[in-house]
Amino acid sequence: MDLLGWVIFIVALLFSVMLHETGHFVTAKKFGMKVTRYFVGFGPTLWSTWRGETEYGIKALPFGGFVKIVGMHSLDDVDDPADEPRSFRRQPAWQRIIVLCAGSFMHFLLAFLLIFGLALGIGITNQNTTQLGTIIPCVAANATQLKDGVCTKSDPASPAKLAGLRAGDEVTAFNGKPVSTYDQLFNAISHAPPGSKASITVSRDGKTLTLHTTLAAVPGRGAYLGIVESAFQSVGPLRAVTYAGSAFGQVVTGSVKAVGALPGALPKLFSKDRGSTAAGQVSSVVGAAEATGAAVAANVGWQYKVSFVLLLIASLNIFVGLFNMLPLLPLDGGHVAVIVWERIRAWFARLRGRPDPGLVDMTKLLPVSFSIFMVLMFFGITLVLADIVNPVNIAG
C-alpha cells in the first residue's frame, strides 16, 4: 500500500463531497433559502465561525460533509417560525429541483474539467503509433505485481531495459515484421514464445537501430518485453473538449451497465474471475484508494500516474453523480421524484377543482427510505469486504 496514493485519494474524495455540498449551498443561497450550516466532516466540531446567518466549520471525522437548509421536507421542523417562508419546502418546485440536482452537477463538472485538463495539460495516448511511453525496469514475479507496476530488488531487469530501449523510441519492426500501431506491436510480442530471442527495430533521433534481447516470461501473462503503450501526445482545446465528452460518455454508459448488473454479479465479487464482468469490477472506496496507491507506486512515468489518478477520480465523480440521481430515497434523486409527484398530484387536483394537497407526508415514505438505505448499506459493505478479501485490479 502506498500511503501517498491513499492520501491523494482521500483528499480528492473529500474535495468531491464538499463540492457536492457546495452545489446545494450556492443554489439554495441564490434562491433565498436559509442555509444555517456548512460543515466539512461529521462528529464533534473542531472549529466553526459564523458569517451572516450561516455557520461554517470543520468536524472531527473527515468522512464527508453536509449543508443544512431550513425546512427540507414536511418532517423538518423550523426553529423560528419566521424562517418558514424561506424554507426549502416553500419554494417553487423548479428551484427545489435545481438545488437537489446541483450536487450531482458539480460531480459532473469536476469530472469533465479533470478529463479536459488531462488531455490539454498532459495529452492523450495515441494507439496509432508505436512510440514508447515508459520502459518498465524489471520483470515482475507474477501478473498481479505486473499490473501494479511493482518492482523489488530481487526482480531481474526487463528485456526492454537490457535491450537499451528508451522512452520516445518509435518501434518500426519486431523480429523483422513491420509494425505501425501499438496493437500490432503488442500482438507480435504476445505471439512470440517466452524465452525466445527478439530483435526490435526502432527509430531514434532520426536514426534506425536494431536492438536485441530475450523475451521474459511472467506467470499468467506469457512473453514479456517491458514496455508501456504509446507516449502521451498533447492536443488543442477543441480536441480536449471532444476527448473529454467522449470519455465522459463512455464512463456514463459503463456505470449504468455496471449498476444494473451489480445484483447479479454479487457471487462473482468473491470469486477468482471477479474482473470478468463490468459489475464485478465495481469497487468501493477501499478498492479505489488501493488502486490509487498502486498507481502512485508503480514504476511508470509520471504522466501515466497522473493520468490514471485523474481518470479514476473523474470516473468516481461521474458514478457518484449518476448514482445520487437515482429516483430512490434517501438519495437526491429520490427527493426530486417526491417533488415531481407533488406537482403531478397538484395538477390532477386542479383538474378536479380541488385544492393543492401540498407536501407529501414523509412519515409514509420513511419505511421505504429506510429499506432502500439498508439495501445500499448492504451493497456498500459487501463491496468493501470484497475489496479487502478479493481485490480486483481496476488499474489494469
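Trainee: How many bridges join strand S5 to S7, and do the two run parallel or antiparallel?

Mentor: First, a word on the source: this is a predicted model, in which local features need pLDDT of at least 70 and side-chain atom pairs count only at pLDDT 80 or more, while totals for chains, interfaces and linings use all residues. Residues are numbered from 1 along each chain as its sequence is written, and side-chain values use heavy atoms, with hydrogens and water left out. Helices (H or I, at least four residues) and strands (E, at least two) are DSSP runs, numbered from the N terminus. Two strands pair if DSSP finds at least two bridges between them. Here, strand S5 (residues 170–174) is joined to S7 by four bridges, and the two run antiparallel. In this pairing, Phe-174 stands opposite Ile-200 of S7.

Trainee: What is the order of the strands in the open sheet?

Mentor: The sheet has four strands in the order S6-S5-S7-S8, with antiparallel pairing. Strand S6 (177–178) and S8 are at the edges with a single partner strand each, so one side of each has no neighbour in the sheet. S6 pairs with S5 over two antiparallel bridges, where Phe-174 stands opposite Lys-177. S7 and S8 form a hairpin with two residues between the strands, and Asp-205 has a positive phi near 55 degrees.

Trainee: Why is strand S7 described as largely enclosed by the rest of the structure?

Mentor: One judges this by accessibility: buried means under 20% relative accessible area, exposed over 50%, and partly exposed in between (1.4 Å probe, protein chains only). In S7 (residues 197–204), six of the eight residues are buried, so this strand is largely enclosed by the rest of the structure.

Trainee: Let us apply the idea to a helix. Is Ser-255 buried or exposed?

Mentor: Ser-255, in helix H6 (residues 237–265), counts as buried because its relative accessibility is 10%. A polar contact is a pair of N or O atoms within 3.5 Å; within protein, one must be able to donate a hydrogen and the other to accept it, and residues adjacent in sequence count only if both atoms are side-chain atoms. A polar atom of the Ser-255 side chain lies 2.7 Å from the backbone oxygen of Val-251. Contact, by comparison, means heavy atoms within 4.5 Å. Leaving aside neighbours within four places in sequence, Ser-255 is in contact with Phe-319 and Leu-322.

Trainee: How far apart in space are Thr-242 and Phe-116, C-alpha to C-alpha?

Mentor: They are 8.7 Å apart in space, although 126 residues apart in sequence. Thr-242 is also in helix H6, and at 43% relative accessibility it counts as partly exposed.

Trainee: How many salt bridges does a search of the whole structure find?

Mentor: Side chains of opposite charge can pair when their charged atoms come close. A salt bridge is a side-chain nitrogen of Lys or Arg within 4 Å of a carboxyl oxygen of Asp or Glu. The search finds ten salt bridges. In one of them, Arg-86 meets Glu-53 at 2.7 Å, N to O. This pair links distant parts of the chain, 33 residues apart: Arg-86 is in the loop between strand S2 (54–69) and helix H2 (93–121), and Glu-53 is in the loop between strand S1 (35–51) and S2. Arg-86 is partly exposed at 29% relative accessibility, as is Glu-53 at 25%. Lys-29, Glu-53 and Arg-86 are linked in a network of salt bridges.

Trainee: Which residue forms a salt bridge with Glu-84?

Mentor: The partner is Arg-89, with the closest N and O atoms 2.9 Å apart. Glu-84 is buried at 17% relative accessible area, and Arg-89 is buried at 11%. In another pair, the side chains of Lys-68 and Asp-76 meet at 3.2 Å, N to O. Here Lys-68 is partly exposed at 31%, whereas Asp-76 counts as buried at 12%.
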